Amino acid sequence: MDFFYDLFGTLLSVTWQELLMIGIGCALIWCAIKKEMEPTLLLPMGFGAILVNLPSVHTEAIETLFNAGIASELFPLLLFIGIGAMIDFGPLLSNPKMFLFGAAAQFGIFFTLVVAVALGFDLKDAASTAIIAAADGPTSIYVANYFDSKYQGAIMVAAYSYMALVPIIQPPIIKAITTKKERMIRMPYNPASISKTTRILFPIFVTIIAGSVAPKSAELIGFLMFGNLIRECGVLDSLSSTAQGALANLVTIVLGLSVAFRMKADLFVTWETLLILALGLLGFVFDTVGGVFFAKLLNLFSKVKVNPMIGAAGISAFPMASRMVHKMGQAEDRGNFLLMHAAGANVSGQIASVIAGGLIITLVEQVL
């Protein structure tokens, strides 16, 4: 009988904020299972959110995991090895001008930084929030942890949620700022032959250049490029498969559980959290707009027209953005195959978002 009294008393002690967070945890689990939205991340994140918001639950184990993997920056770096091993830079190397779209689609990051500061956010928290716009989860985690932002939980949830919601968020934005004629522009794909030597030298070259231009991004870009070097070197096939599969999946799972430590009700349920989610969405919208309008600008001076939707693929959400652009092109014209062009812009955005993260860190440190 005492057990039931204790259980009843525990249930009565749950605050509405904790109930809300438990509900959010359930919603994340639903999105992972029912909608298959980033299930390897949202499922452990949602379950962790439920766990840390149960009354009287000790979270020392999750805190230890957080300190060991996120506070030390270990998990984002390991995850980038797996992501790098997954990426084929062939489409980008075949059409190097796609680098420009990756850069243009980072406009939302810097726009969001200015808006967040104008709304009264501390510069470090504003910078951490701005990176959400890239839809790059590991970079968002890295920057938020680097600045020790008190909004890490909200930033991490927003970054991965918007990345998963690319097929829902981007299409209406693209349709609103392009015409049907523009969306029907065909871009024949004539891939150049990329030698093995070029593929091997590319990640080394990018690491050197990016590390020189934005030293604060050297670790992230270095681990990303190291993963790609494992893929392309041709002598570590089993290691490449492990990085793409077992390593990436395992790190993503423990990353999701670790993030939950920052999803306690007293830290998460605030007006600032809602504002961060709104700012992240705003930045994501302007990243998309920046990429599309850059493509439109190029078309004013180029004889060979670019389908403006390619610009939207310049965000970091790989491969969701490139697949979405290809599907939109097919919906307008069944004979239009944009996937490889979009993939080139998409992998360029992966590099550009990491460099942008390093530039943001450098900029903030110089101001402070």
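Predicted model: local features only at pLDDT ≥ 70, side-chain atom pairs only at ≥ 80, totals over all residues.

Modeller: Residues are numbered from 1 along each chain as its sequence is written, and side-chain values use heavy atoms, with hydrogens and water left out.

Colleague: What makes Glu73 buried or exposed?
Modeller: Buried means under 20% relative accessible area, exposed over 50%, and partly exposed in between, with a 1.4 Å probe and protein chains only. Glu73 has a relative accessible area of 16%, so Glu73 is buried. Glu73 is found in the loop between helix 4 (60–71) and helix 5 (74–86); helices are DSSP runs of H or I with at least four residues, numbered from the N terminus.

Colleague: How do you know that Asp148 is exposed?
Modeller: The relative accessible area of Asp148 is 55%, and therefore Asp148 is exposed. Asp148 lies in the loop between helix 10 (137–146) and helix 11 (152–164).

Colleague: What is noted about phi at Glu73 and at Asp148?
Modeller: Most residues other than glycine have a negative phi. Glu73, not a glycine, has a positive phi of about 70°; Asp148, also not a glycine, has a positive phi of about 50°.

Colleague: Why is Leu20 called partly exposed?
Modeller: The relative accessibility of Leu20 is 38%, so Leu20 counts as partly exposed. Leu20 belongs to helix 2 (residues 16–33), and its C-alpha atom is 9.3 Å from that of Asn53, 33 residues apart along the chain.

Colleague: Why are helix 12 and helix 20 called oblique?
Modeller: Helix 12 (residues 166–177) and helix 20 (residues 320–332) pack at an angle of about 50°, with their axes 10 Å apart. Angles under 35 degrees count as roughly parallel, over 145 as roughly antiparallel, 65 to 115 as roughly perpendicular and the rest as oblique. The two helices are therefore oblique to each other.

Colleague: Which residues form the nonpolar patch on the surface?
Modeller: Phe110, Leu201, Ile204, Phe205, Ile208, Ile209, Val213 and Leu359 form the patch, with about 730 Å² of accessible area together. Patch residues have over 30% relative accessible area and no salt bridge, and nonpolar side chains are joined within 5 Å. A salt bridge is a side-chain nitrogen of Lys or Arg within 4 Å of a carboxyl oxygen of Asp or Glu. Helix 14 (residues 196–213) gives the most, with six residues. Ile204 lies in helix 14 and is partly exposed, with a relative accessible area of 39%.

How values were computed. Patch = residues over 30% accessible without salt bridge, like charges linked within 9 Å, V, L, I, M, F, W, Y side chains within 5 Å. Areas by Shrake-Rupley, 256 points an atom, 1.4 Å probe, with all protein chains shown as cover. Axes fitted to C-alpha atoms, helices over the stretch in contact; angles between N-to-C directions.
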